[in-house]
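Visitor: Let us walk through this model together. Please keep the answers brief.

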Amino acid sequence: MLTLAILVPFVGALVLVTAPGLRATTARALAVATAAVPLALLCFAWSRFSLGGTDFQLVEEMAWVPALGVAWRVGVDGVSLALSLMTGVLFVATIAWPMEQRERERQYYAWFLFLEAASLGLFLTLDLLVFYVFFDLSLVGMFFLIGRWGHGERQAAALKFFIYTFVGSLAILLAIIVLVLRTDPMTFDMRVLIAQQPLAGAGPVATLVFLGFVVGFAIKAPLFPVHTWLPPAHVNAPGPASAILAGVLLKMGTYGMVRMPLQMMRETFAAYALPLAVVALASILWGAFVALGQTSIKRRIAYTSVNHMGYAVLGIAAAGALVAGEEHARQLALTGAVVEMVAHGLITGTLFLLAGSIWARADTYEMDRFGGLAGVAPKLTAATVVAAFASLGLPGLAGFVAEVQIFIGAFAVFPWVAAVGLVGILITAALFLTMLRQVFFGERPVERNAFADVGRVEGAVLLAILALVVVIGVYPAWLLDLVNAATDSAVVGTATVAPGG
Amino acid sequence: MPIGDLAPEIAVLFTAVATLLFAMFAPRRLHVVGAIIALSGLTVAGVLLADQLGRTGTTFSGTFAIDGVGVWARFLILVATGVCVMISPGWFATDRRHGEVYAVFLLSAVGAMALAGAADLMQLVVAVLLSSVTGYTLAAYHRGWAISVEAGMKYFLIGALANAVLVTGVVFVTGMAGVTGYEPLANAFADGLIASPLLVAGLAMVAVGIAYKLGAAPAHTWVPDVAEGAPVPSAAFLTVVPKIGAAVAFARLVTAVPPDALALRPLVATIAAVTMTIGNLAALRQQDVRRLLGWSSVSQAGYVLMAVVVIDLDTGAPTALVAMLGAYTVGNIAAFAVVADLRGRTALSDYSGLAARRPLDAVVLALAFLSLVGIPPTVGFFGKFAVFEVTIAGGYGWLALVAAANTVVSLIYYARVLSPMVFDSSTNGAVAQLDKMTWAAAVATGSAIIALGLTAGLLLDQLADISLL
């Protein structure tokens, strides 16, 4: 079933590429329908998922390279199920979202489906080598989407993205190889690696491997100071691609950080949890301050991603610190981090889709070229206001649920880091409010009088995602239960522990 | 003397003679039949070779090794030669000496096969010379074109020097150790042969001689010139086929020297690191795609050498060597097949917007480049992954780090071709195509990049237990 969720979009992509003479509208309809299949399958998987069950459920296994211990293994725990559900939702939304430049539609939708397959594969696989394969495939897919359908300096931005994150992926590959070589018999099975902790007590080797993982995933997440590929990639990418980049691809970094360093190298992680928390703090502050200084709507949103991923990593770092007696706080931090990933995916995805519509209508992202859009585009305004408030962490919306847990958890473990980190929340509020004021309220330039509001499809997509944001904000229990089922054992470090917390 | 052990080589040799005789008597418009004769002969040789699968041992008084690595490498040589033959009829159709080119290809392939089996220093010399002499001819095949002649000349001059160094090195080693075979040499080391300076110098010189065939530092400078100037089918051949033989020959030489007797492995590791770094840095600034491919082929030789470094240090090294060689062969030949299909189009700027006009060629070239970088699920990923793994397991972690850094650099120059090709929409007029057979070769190798990548699991399992004597 999970295998099918990965295969269907791949096949869909292949069909779109090889079917000539397919009209643009048909291609889009086909793509939306194909993207909906994995979402439905994942919802079904969710209904079969037992909260009190073993760590990884719904496992499917097929031998691939027995000599190396590589196999096609898929399965989910609470973390990966939550993230892949979010991925499924976001892909349906972005594919349904109208294209900015209508050219080569078939290939455009094919790349999106390809990317969906790669992303789902990454979250669902339980094999490290397969994980790496999907990690790289996601780079290739995004490289082509930015380079082909982006605008402005698209080629340079696509290349910078590709090379930067490829450095990270090679660091991860080397780390994976060293980690796996320590197992006997050699295996890439994540479950075995988590159980065996192959590098426990390995000294400097463990540190190097940890560094490889952290650098690789920090580039992807991205954390300060290796975030510089992100702004150009976002600014020049088409809106829907940006939404996927921020919503799904960045999560691969934080997801990887949970799965590999945190779960497979518990001991080493604990030793370096504080430095990691400090890096996360730097990202929180740097992302917030630099975002505040941006004059372009999209750049501003892009930098808030650095800030938000900083929160997520702070939560992960707090969860990995082996502070005695704080198990509950650490679990809270990790749950918060995972919820932050889901929330950030939905919220920032929406914001980038909205930025994309603004570009499609005005051909610019510069805030001072806008004003008073609330008068001509009330629906667009309403959606942006909700998404922005969710992003700055207003209670009752998804972002708040995540951040409050991260900070409660982090305060117990790293009180000073968490205290300074709170400044980030303040700045984020300021930067979103100033952006809303500048773009949607105040005096409207004459050239914006004909600014069109969102269309029917856009409206439906926005309504669906934002409804989800509100639901998570108001009644988060279902999501928290799901995530808690996994974070419990991840933090405590034993096999299966009764859920709850 | 079991002559049947050399049946594949003999088959290729006879085919070479047959194509030569045919070319002498057939009119030029029928010379394309030579390609068909050559392909048939290569197929026969492949079938004969399949008979040797699973065998491990030496033949002809210990001078020729038949083992897993050797058989697979010779198989690769046959396949690569076959693809080069496929892209030749279109390319050489207007050449007066069209028919003879197949004979030279086949003879050169015999040289490379002999190189892959060489278990004796004398045999090594013979193989290198056979492979080189035919190589000079192939590089300078366009007699009337200065750049081709220059390529041949450069190949010849560096080759003459490298071969002289090789022969001198062989003399030193033989003089000091008293034997020429690798097995007796290993036994001599086991019996307490002292690593005298002359012996060390001799082995280093032999290494330089093999590095020349492999296109590795310090004898790599011919590669970009040949890639740029030689006829494209020859360039494809010379940057792949002799390298396969040379890599295996290098591995055999390293095996003959126990790690604690003499520091040959650190030397090879240094050669590997220098080769990949030079190749990649030089490729960065190329404005000529064929030259760029030449430098990329230098850097790939460095990755191949990583497996040679850890041979005998990690049990997976022979598998990794064959996997990396196979991946490199498919990727590099696919790239050259596309260049040939585009009638040798070579300026970087001429590739911009190609995807819109010649989608299939662009896709194959993109796949070839991604495979050479090592992006999954192409076959290149599995080659590189295998090599990285054995290098780390064999205790050469620093070399894996250097290789990883180099891989990133290589992505930059491949992307310099790739990204204008796919993303630019400018049209530079019509794109001429060579012929159907070349196109078929490009598509076949391009599909192989993906197909072999997807079935890498099965292949790696097949290769898991192969041995190197």
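Visitor: Where is A:Leu394 found?
Guide: Helices here are DSSP runs of H or I with at least four residues, and strands are runs of E with at least two, numbered from the N terminus. The model is predicted: local features need pLDDT of at least 70, side-chain atom pairs count only at pLDDT 80 or more, and totals for chains, interfaces and linings use all residues. A:Leu394 is in the loop between α16 (378-392) and α17 (398-413) of chain A.

Visitor: Is A:Leu394 buried, partly exposed or exposed?
Guide: Buried means under 20% relative accessible area, exposed over 50%, and partly exposed in between, with a 1.4 Å probe and protein chains only. The relative accessibility of A:Leu394 is 35%, so A:Leu394 counts as partly exposed.

Visitor: Which residues does A:Leu394 touch?
Guide: Contact means heavy atoms within 4.5 Å. Residues up to four places away in sequence are not counted. That leaves A:Phe389 and A:Phe400.

Visitor: What separates the C-alpha atoms of A:Leu394 and A:Thr295?
Guide: Along the chain, these two residues are 99 residues apart. Their C-alpha atoms are separated by 24 Å.

Visitor: How are α5(A) and α6(A) oriented to each other?
Guide: Axes are lines fitted to C-alpha atoms, for helices over the stretch in contact, and angles run from 0 to 180 degrees between N-to-C directions. The axes of α5 (residues 128-149) and α6 (residues 154-181) of chain A come within 9 Å and cross at roughly 175 degrees. Angles under 35 degrees count as roughly parallel, over 145 as roughly antiparallel, 65 to 115 as roughly perpendicular and the rest as oblique. The two helices, α5(A) and α6(A), are therefore roughly antiparallel.

Visitor: How do the residues of that contact of α5(A) with α6(A) divide?
Guide: Ala, Val, Leu, Ile, Met, Phe, Trp, Tyr, Cys and Pro count as nonpolar, Asp, Glu, Lys and Arg as charged, and the others, Gly among them, as polar. The contact of α5(A) with α6(A) has 19 nonpolar, three polar and three charged residues.

Visitor: Where in chain A is confidence lowest?
Guide: pLDDT is the predictor's confidence in each residue, from 0 to 100. Chain A averages 88, and 98% of the residues score at least 70. Helix α12 (residues 273-292) of chain A has the highest confidence, at 93. The lowest, at a mean of 82, is in helix α20 (residues 477-492) of chain A.

Visitor: Why is the pair B:Phe381 and B:Phe382 edge-to-face?
Guide: Rings of Phe, Tyr and Trp (its six-membered ring) pair if their centres lie within 6.5 Å; planes under 30 degrees apart count as stacked, over 60 as edge-to-face and the rest as tilted. The whole structure has 42 aromatic pairs over all chains. In B:Phe381 and B:Phe382, the ring centres are 5.0 Å apart, and the pair is edge-to-face because the planes stand at 70 degrees.

Visitor: Where is A:Pro185, at the cis bond from A:Asp184, found?
Guide: The cis peptide bond from A:Asp184 to A:Pro185 has omega near -5 degrees. A:Pro185 lies in the loop between α6 and α7 (190-196) of chain A.

Visitor: Is A:Asp363 buried or exposed?
Guide: Phi of A:Asp363 is near 65 degrees, a positive value in a residue other than glycine. A:Asp363 sits in the loop between α14 (327-362) and α15 (373-376) of chain A. Its relative accessible area is 55%, so A:Asp363 is exposed.

Visitor: How are residues and chains labelled, and which atoms count?
Guide: Residues are numbered from 1 along each chain as its sequence is written, with chains lettered from A and ligands numbered from 1 in the order in which they are written.

Terms used
Side-chain values use heavy atoms; hydrogens and water are left out.
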